[in-house]
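Please read it alongside the sequence and the coordinates.

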Amino acid sequence: MPYLAPREPEQGDAWSAEAAARGRRGSQRIVHAGEVRAPAEVARLFDVADGEPVVVRRRVILLDDEPNELTDTYYPIAIARGTPLAGTAKIRGGAVTLLAMLGHAGARVREDVTAGLPDEQEQEALRLTPSAPVLRLTRLTLDGDDKPIQVDRMVMPAQRQQLRYEISIG
């Protein structure tokens, strides 16, 4: 799927391209980037101790200038420290493209999706009422050696989303 494969840097990011194909405007605002202590779920997925340093990029994903998704993307410190992944500048071609250029191409992805109600910060950021359901998607990307290279944690208003999965069998 377009969010998982490297792109040519001049192609821009997959979200903007997908929105444009539908006649809409997709953009993102990076609200924080840098080293943080790994939250418990991220530490477990990266197989590191709780609180160990990781790099995060926190973004608000916008559709036609309206908040559509909150995404926190985490990277192991050994991969991301000192790279543009740890900064707030837009990455040409997207982070997946940069990861591949750094020698860390994704080979397998696992996603877990749950539904629930937004917390107060999510309500404010996504302009939701307390009773508006959200989807929470956690995506783990593994390289060809089954080493984790990226964890995405996304929060999306349920009524604004469609999730599609294509799975090859055999």
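1. The protein chain has five helices and six strands; here helices (H or I, at least four residues) and strands (E, at least two) are DSSP runs, numbered from the N terminus. Along the sequence the pattern is α-β-α-β-β-α-α-β-α-β-β.

2. On provenance: this is a predicted model, in which local features need pLDDT of at least 70 and side-chain atom pairs count only at pLDDT 80 or more, while totals for chains, interfaces and linings use all residues. Residues are numbered from 1 along each chain as its sequence is written, and side-chain values use heavy atoms, with hydrogens and water left out.

3. Of the 170 residues of the protein chain, 41% count as buried, where buried means under 20% relative accessible area, exposed over 50%, and partly exposed in between (1.4 Å probe, protein chains only). The chain exposes about 9,800 Å², and carbon and sulfur atoms supply 50% of that area (Shrake-Rupley method, 1.4 Å probe; for residues, only the protein chains shown count as cover). Among contacts (heavy atoms within 4.5 Å) between residues at least 6 apart in sequence, 57% join residues at least 24 apart.

4. The six strands form an open sheet in the order E1-E2-E3-E6-E5-E4, with antiparallel pairing; two strands pair if DSSP finds at least two bridges between them. At the edges are E1 (26-37) and E4 (108-116), each of which pairs on one side only. Neighbouring strands are turned by 15 degrees against each other on average, direction ignored; the axes are lines fitted to C-alpha atoms, for helices over the stretch in contact, and angles run from 0 to 180 degrees between N-to-C directions.

5. Strand E6 (residues 148-157) has eight of its ten residues buried, so it is largely enclosed by the rest of the structure. Five bridges join E6 to strand E3 (residues 66-76), and the two run antiparallel. Leu 70 stands opposite Val 155 in E6.

6. E5 and E6 are joined by nine bridges and run antiparallel; Leu 140 has Val 151 of E6 as its bridge partner. The two strands form a hairpin with five residues between them, and Asp 146 in the turn has a positive phi of about 65 degrees. E5 is also joined to E4 by nine antiparallel bridges, and Asp 112 stands opposite Thr 138 in E5.

7. Which residues make up the largest nonpolar core? Its twelve residues are Val 36, Ala 38, Val 42, Ala 43, Leu 45, Phe 46, Val 54, Val 56, Tyr 74, Leu 140, Leu 142 and Val 151. A nonpolar core is a set of buried Ala, Val, Leu, Ile, Met, Phe, Trp, Tyr and Cys residues joined through side-chain atoms within 4.5 Å. Helix H2 (40-46), strand E2 (53-63) and strand E5 (134-142) each supply at least two residues of this core, and H2 gives the largest share, four residues. Apart from this core lies another, of ten residues, among them Ile 79, Ala 80, Ile 91 and Leu 98.

8. Leaving aside neighbours within four places in sequence, its contacts include Val 36, Pro 39, Phe 46, Arg 58, Ile 149 and Arg 153.

9. Glu 122 is found in helix H5 (residues 120-126) and counts as buried because its relative accessibility is 10%. Not counting residues up to four places away in sequence, Glu 122 touches Leu 70, Leu 117, Arg 127, Arg 136 and Val 155. The C-alpha atoms of Glu 122 and Val 155, 33 residues apart along the chain, are separated by 7.8 Å.
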